[in-house]
Every structure is written in C-alpha cells, then in structure tokens.
Amino acid sequence: MILLDQRLESSLESVDHSEQRAAALALEAGFSEEETYRLGYAVREALVNAVVHGNRYSSNKAVHFKVTRVPRGIEVSIEDQGSGFSAEMQGDALAQENLMNQSGRGLALIRAFTDELQVERTTQGGTRVILRKFLPPEAS
Amino acid sequence: MSVKLITRQVGDVTVIDAVGRITLGEGSSAFRETVKDLVNKGHKKMLLNLAEVSYIDSSGIGELVSGFTSVSNAGGSLKLLKLTKRIQDLLQITKLYTVFEVFDDEAKALATF
C-alpha cells in the first residue's frame, strides 16, 4: 500500500520534509522510537545524496519520494534525475585509508540503519535508492 | 533548529559547547567556521562538548573530521566530550571512535591536554 508519493524540489527543505514524513509513517506503522530515528536518518542521507550529488540542487530537477507499507515493514524509494552513481563509485568509506575523508559516509550509515538497501540506475539515467526496514516479528 | 556554538576558555583549553543539530547546511557550516576562526586566532587545544547535540548527519560527521584535521595540522588537538548514545553509535559505525579522543568527564578531559 502506497502511503506517500511526492515529487520534491531539489532543496534542503525537501531533505528535512522527507526525514520527518518517513519518521512519522514509521511510528504509525509500529516502529519503536529508536528504529524510527534510524529509518529517518537513512532517508535523510539518501535525500542528501539525491539533492546534492544527484540533482546538484537544480531547480529543473525533482526528487521522487515514495513510501510504501510492505508486509513486514516499510519501503522508501528515493529517485533523482542526476547522471547516476553506483555504490561502488563511492569507495569504501570505512576502509582505514578513507577514515579521514570529509565525505562519503552516507551509504555506510544507510546500510547500518536499514535492513535492505538497493541502488539502481533509472531508465532516464538517474539513481533510485530503495530502503527497506522491517518490524521485529512480534510487532509486524 | 540548527546548532548553537558557545565557546569558553578554561585555562589554555577552548571548550566549545554545542547545542542543537549539526547537519548539512547551516549547522555544519557554523561548526566549520567556528573551528576555522579559533585555529586562525591561534587556539590549539579544543574540547567539543556534544552533550546537547541531538543529531549529527554524515555531513556533520565530515565537519568533525575536517575540524580534527585542521586543528591537528596547526599543531593542536580537538577532543570530544559527553557524546550521546546515538552519536557514540555513529562514531562506532563510521569507525571514528578510534580516531577521536572521547571523554565523559570535563575535568578529566581538560587534564589530558
């Protein structure tokens, strides 16, 4: 069931909005406060990637933000209209030689805070990130 | 709410009390400017109190690393004080717990400079 389906402008306001909406929907779905924070955090990082690295703040490009209730949890899809990137291109932010880099930790944090992460290229050449977080068995 | 940064001098150590969120945009740039300004003024011993910081995103974490590097390059040190559980987790996940010196007690932290 689709809970939210929006086209957002490429701005930091969209980042805040998406984090807050995803967190509110996660709470409604029965996630704990801590797991809600984690999902919101992952959504925020994915939105930052879409707005900053994908669409490069372009007013001509939108971010497609969709939240879906799936059988045991929540799925969030974030799609930009940039020129695409792959998880591999970011390198390993947790490798010893990269620890002191200023950026590049977003995907590692998204992975840590969600149960499933899928990064794919859209037919238009942008990037679609799909995050899934599942409720513990007793809550789902 | 973005971040509010208040600096105070304890002996030769500059303590930065941060309150709020250090995230991409105003929060991370405010932190960057504060550290840059302190380094330019010759401050070399800095203790960043994060007790009242509710949230740091990856951009904020990047600014902590950048601040650590710029203070170290100037011959000084930047240490962290009173991390919340969530910020501790973020430093564990990003493996930065091994990079920063982290303290729970201000007096003990000050004594290590």
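Predicted model: local features only at pLDDT ≥ 70, side-chain atom pairs only at ≥ 80, totals over all residues.

Now zoom in on A:Leu47. Setting aside neighbours within four places in sequence, A:Leu47 is in contact with A:Ser14, A:Val15, A:Ser18, A:Val63 and A:Ile78. As a general background, nonpolar side chains tend to be buried together in soluble globular proteins.

## A pair of helices in chain A

Two packed helices are described by the angle between their axes and the distance between the axes. For H2(A) and H3(A), the axes come within 9 Å and cross at roughly 150°. Because of that angle, H2(A) is roughly antiparallel to H3(A). The crossing of H2(A) and H3(A) is left-handed.

Which residues of the two helices meet? From H2(A) they are A:Arg38, A:Leu39, A:Tyr41, A:Ala42, A:Glu45, A:Ala46, A:Val48 and A:Asn49, and from H3(A) they are A:Gly106, A:Leu109, A:Ile110 and A:Phe113. The residues of this contact divide into 8 nonpolar, 2 polar and 2 charged.

Is H3(A) largely enclosed by the rest of the structure, or largely open? Of its 8 residues, 6 are buried, so H3(A) is largely enclosed by the rest of the structure. The buried residues are A:Gly106, A:Leu107, A:Ala108, A:Leu109, A:Ile110 and A:Phe113.

These buried residues pack against parts of both chains: H2, strand E4 (116–121) and E5 of chain A, together with H2 and helix H3 (85–93) of chain B.

## Where the chains touch

Between the chains, 15 residues of chain B are in contact with 14 residues of chain A. On the chain B side, the largest share, 7 residues, comes from helix H2 (residues 58–73) of chain B. The residues on that side of chain B divide into 6 nonpolar, 7 polar and 2 charged.

Let us finish with some single residues. B:Arg8 sits in strand E1 (residues 3–10) of chain B. Is B:Arg8 buried or exposed? B:Arg8 is exposed, with 11 other C-beta atoms within 10 Å. Leaving out neighbours within four places in sequence, B:Arg8 is in contact with B:Val15 and B:Asp17. The C-alpha atoms of B:Arg8 and B:Leu47 are separated by 10.0 Å, and the two residues are 39 residues apart along the chain.

Most residues other than glycine have a negative phi. A:Arg56, although not a glycine, has a positive phi of about 50°, and A:Tyr57, also not a glycine, has a positive phi of about 60°. A:Arg56 lies in the loop between H2 and E2 of chain A, and A:Tyr57 is found in the loop between H2 and E2 of chain A. A:Arg56 counts as exposed, with 12 C-beta neighbours inside 10 Å, and A:Tyr57 counts as exposed with 12 C-beta neighbours inside 10 Å.

Key
Residues numbered from 1 in each chain as written. Chains lettered and ligands numbered in written order. Contact = placed C-beta atoms within 7 Å. Helix = DSSP H or I, 4+ residues; strand = E, 2+ residues; numbered from the N terminus. Nonpolar A, V, L, I, M, F, W, Y, C, P; charged D, E, K, R; others polar. Axes fitted to C-alpha atoms, helices over the stretch in contact; angles between N-to-C directions. Parallel < 35°, antiparallel > 145°, perpendicular 65-115°, else oblique. Left-handed = near helix turned anticlockwise from the far one by under 90°. Buried ≥ 20, exposed ≤ 12 C-beta atoms within 10 Å, placed from the backbone.
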